[in-house]
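Hi everyone, thanks for making time this morning. I'd like to walk you through one structure and how some of its pieces pack together.

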2 protein chains.
Amino acid sequence: MKKGHQVTMKEIAKKLGVSVSTVSRALKDSPELHADTKTRIVEMAKSMNYQYNLLAQSLRISRSKVLGVIVPELTSHFFSSNISGIQDTAYKRGYNIMICQSNESFEQEKANVRTLVSSQVDGLLISLSRETKSYEHLQELYDREIPFIMFDRVTEEIPVSKVTVDDAHGAYLVVHHLLEQGFKKIAYFSGPEDLYISKKRKEGYLEALKEFGIPEKESRVYITDLTFEMNRKITLDMLQEQDRPDAIFAMIDPLAVEVMMILKENGVRIPEDIALAGFTNNPTSAVVEPSLTTVSQPGYEMGQLAANHLLDQLDELVSDDPQTFVLLTTLVARNSTKKTPKS
Amino acid sequence: MKKGHQVTMKEIAKKLGVSVSTVSRALKDSPELHADTKTRIVEMAKSMNYQYNLLAQSLRISRSKVLGVIVPELTSHFFSSNISGIQDTAYKRGYNIMICQSNESFEQEKANVRTLVSSQVDGLLISLSRETKSYEHLQELYDREIPFIMFDRVTEEIPVSKVTVDDAHGAYLVVHHLLEQGFKKIAYFSGPEDLYISKKRKEGYLEALKEFGIPEKESRVYITDLTFEMNRKITLDMLQEQDRPDAIFAMIDPLAVEVMMILKENGVRIPEDIALAGFTNNPTSAVVEPSLTTVSQPGYEMGQLAANHLLDQLDELVSDDPQTFVLLTTLVARNSTKKTPKS
DNA sequence: CTGTTAGCGCGTTCAT
DNA sequence: ATGAACGCGCTAACAG
């Protein structure tokens with residue numbers, strides 16, 4: 001399909017017998033212009049359906065007014081909330097966003113960085129893939145002074161601003177809640193150990209245990225790669241144990257929901273036999289039976305904050321010193337952790 | 001933050017004492033070039049961290065290699081699946097995507113179209129907002145020969161390609177299933193009547209009824225504006241009826257899930273007292289209790305198809321004649337519509 | 001083999 | 001009050 005020709009200032013100028021710069025001035029309402037010519041030009045532009053060419057503008061001023069966004073996946077509710085916050089904020093401040101998904105692949109993430117930089121985005125908002133364990137691509141951005149910040153899936157290796165939630169505290173909250181309800185043997189179902197959130201949430205888990213006098217060596221950590229098969233395996237294995245846990249804190253809601261299904265299949269009552277809690281507060285968690293206790297992460301607000309901070313840096317409203325924003329998480333106590341009278 | 005300076009061909013040229021065009025030729029591996037100069041240039045480019053400027057390229061060739069995408073909202077699972085399909089496809093074919101959300105607002109949608117056009121996107125993929133009832137903004141795109149196609153939320157007023165699912169057939173499938181299970185008095189909980197999908201799904205509903213000998217005048221259609229309050233109201237009103245329905249087909253899953261909650265609160269057993277089905281197959285629907293019968297829409301595939309078709313048009317691999325693609329939906333029968341032995 | 005010229009659409013000089 | 005010239009980064013056409 002041949003793209004329909006776009007009217008340019010040049011054509012308007014020609015039609016009216018004026019110069020291009022006059023048209024330019026008229027269109028941006030410059031004061032030093034005869035009112036007549038101005039109206040003539042503006043009207044002609046309207047009648048010719050003239051549309052400003054942002055690309056040319058970008059080239060001229062070396063600023064594209066576009067932010068690049070890289071997320072591991074677009075379909076997770078949490079990331080799409082982030083993006084929604086970023087998009088709304090960027091839009092309000094006159095920016096567009098270009099979106100890539102790494103699909104949790106390191107190579108893809110590097111490629112995404114390249115194409116966004118090539119596209120001359122003014123800054124990037126990045127949430128790292130699960131595979132990302134080395135950071136040369138980010139270091140390069142840093143060295144080349146291309147503004148970017150990280151959100152949610154961050155690394156401390158690069159000194160740029162970050163926006164995260166208080167993972168450790170959130171985990172602490174939920175485990176504390178379990179202990180307070182009277183559960184004693186709390187398991188932590190963790191994702192891969194090298195994941196930032198796996199570590200952080202474990203910290204909170206251990207801290208809550210400690211507060212209730214349970215030493216780390218009595219902690220019960222189960223590791224899964226988050227595949228369905230392995231989730232199932234660790235759950236069933238756990239059920240076989242002699243001294244099995246009476247409560248499970250699963251690192252993320254989708255894991256918790258899978259565990260819930262498996263427990264129910266096996267006739268385990270929740271919370272009577274085993275209590276269960278997650279993290280993220282996905283929409284799903286409110287509607288499962290029993291409703292799932294979890295920790296609410298403000299995804300949309302994270303996106304807003306991240307975008308606003310990056311734009312503030314770009315507009316030099318704040319200094320470039322890296323800042324770390326930690327958003328509060330809140331406990332959402334539901335039925336899956338309700339202590340029943342007896343037991 | 002001042003953006004770090006990007007190295008240009010000009011600088012490489014200067015440093016090496018050659019002309020810019022020579023650099024250009026070397027970098028795109030032109031054959032008519034002395035091997036030596038080529039290597040010298042390529043190496044210098046690498047050492048200087050040269051990065052190609054896509055923006056300049058775009059201006060030159062009047063093609064940005066960017067697709068614009070407008071969706072009503074980013075956080076719905078269905079739309080984020082669409083976007084995921086679009087993004088993956090575009091990326092594979094060397095395009096980036098710029099995303100806007102209309103937030104279901106007509107004004108916002110018009111504004112989105114403007115900014116994307118201004119940004120010189122090569123084409124647009126649009127899913128209409130709920131509010132959109134007039135189509136001048138699309139007509140203008142059409143008149144100006146800016147390639148675009150519509151997906152999911154489409155209108156037949158504009159002769160461009162469209163990608164939809166077979167709404168009527170999907171509704172037919174699920175209502176047919178209900179009737180086959182032995183339910184007799186099937187209600188249709190519909191969104192606003194002027195919505196395309198409200199109409200289409202009603203068609204399928206009526207067709208299934210007809211097939212089982214139920215005339216249209218005995219149909220039971222309840223209209224809601226999809227707010228929580230109104231959903232609640234129509235559900236409670238329905239429960240008061242003398243001759244109340246024994247099954248409900250809700251236009252979309254989120255509505256179905258809300259209705260499920262309300263029914264359960266009121267002691268109505270599902271499916272024993274009233275069966276319930278939805279449409280979309282959101283992740284949530286699989287995990288509610290009872291699991292929700294619904295119709296599966298291939299969101300990711302829709303995105304892929306839409307993007308591929310638009311790019312095919314842009315690359316002139318297919319003609320510009322508008323085509324309508326209708327993707328198949330499939331019934332996902334679950335427990336919420338299981339006919340119990342007795343009753 | 002390589003350099004010069006010109007132009008993509010725009011806006012900012014600097015003239016007039 | 002308006003026009004001409006220049007440059008943003010890049011490449012195709014034309015010269016040599």
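Before we start, one definition: when I say that two elements touch, I mean that they have heavy atoms within 4.5 Å. And please keep in mind that this is a predicted model.

With that in hand, let's look at chain B. Helix 10 of chain B, residues 228–240, lies across strand 6, strand 7 and strand 8 of chain B. Relative to strand 7 of chain B, helix 10 runs at about 150 degrees.

So what sheet do those strands belong to? In chain B there is an open sheet of 4 strands, ordered 7-6-8-9, and the pairing is parallel. Strand 7 (220–223) and strand 9 (275–277) of chain B sit at the edges; each has a single partner strand, so one side of each has no neighbour in the sheet. On average, neighbouring strands here are turned by 20 degrees against each other, ignoring direction.

Zooming in, strand 6 of chain B, residues 186–190, pairs with strand 7 of chain B in the parallel sense over 4 bridges.

Now for some helix pairs. Staying in chain B, helix 6 (residues 106–118) and helix 7 (residues 136–143) pack at about 20 degrees, their axes 10 Å apart. Helix 6 and helix 7 of chain B are therefore roughly parallel to each other, and their crossing is left-handed. Helix 6 of chain B brings B:Phe106, B:Glu109, B:Lys110, B:Val113 and B:Val117 to the contact, and helix 7 of chain B brings B:Glu136, B:His137 and B:Leu141. By type, the residues of that contact are 4 nonpolar, 1 polar and 3 charged.

Over in chain A, helix 8 (residues 167–180) and helix 9 (residues 196–211) have axes that come within 7 Å and cross at roughly 40 degrees. That makes helix 8 and helix 9 of chain A oblique to each other, in a right-handed crossing. Among the contact residues are A:Tyr172 and A:Val175 of helix 8 of chain A, and A:Ile197 and A:Leu209 of helix 9 of chain A. This contact divides into 10 nonpolar, 2 polar and 6 charged residues.

Last stop: an unreviewed UniProt entry annotates residues 7–61 of chain A as "domain: HTH lacI-type". In the model, that span is 67% helix and 0% strand, with its end C-alpha atoms 21 Å apart.

Note on methods. Residues numbered from 1 in each chain as written. Chains lettered and ligands numbered in written order. Predicted model: local features only at pLDDT ≥ 70, side-chain atom pairs only at ≥ 80, totals over all residues. Heavy atoms only, no water. Pairing = 2+ DSSP bridges. Helix = DSSP H or I, 4+ residues; strand = E, 2+ residues; numbered from the N terminus. Axes fitted to C-alpha atoms, helices over the stretch in contact; angles between N-to-C directions. Parallel < 35°, antiparallel > 145°, perpendicular 65-115°, else oblique. Left-handed = near helix turned anticlockwise from the far one by under 90°. Nonpolar A, V, L, I, M, F, W, Y, C, P; charged D, E, K, R; others polar. UniProt positions renumbered as here; feature names shortened; annotations may be inferred.
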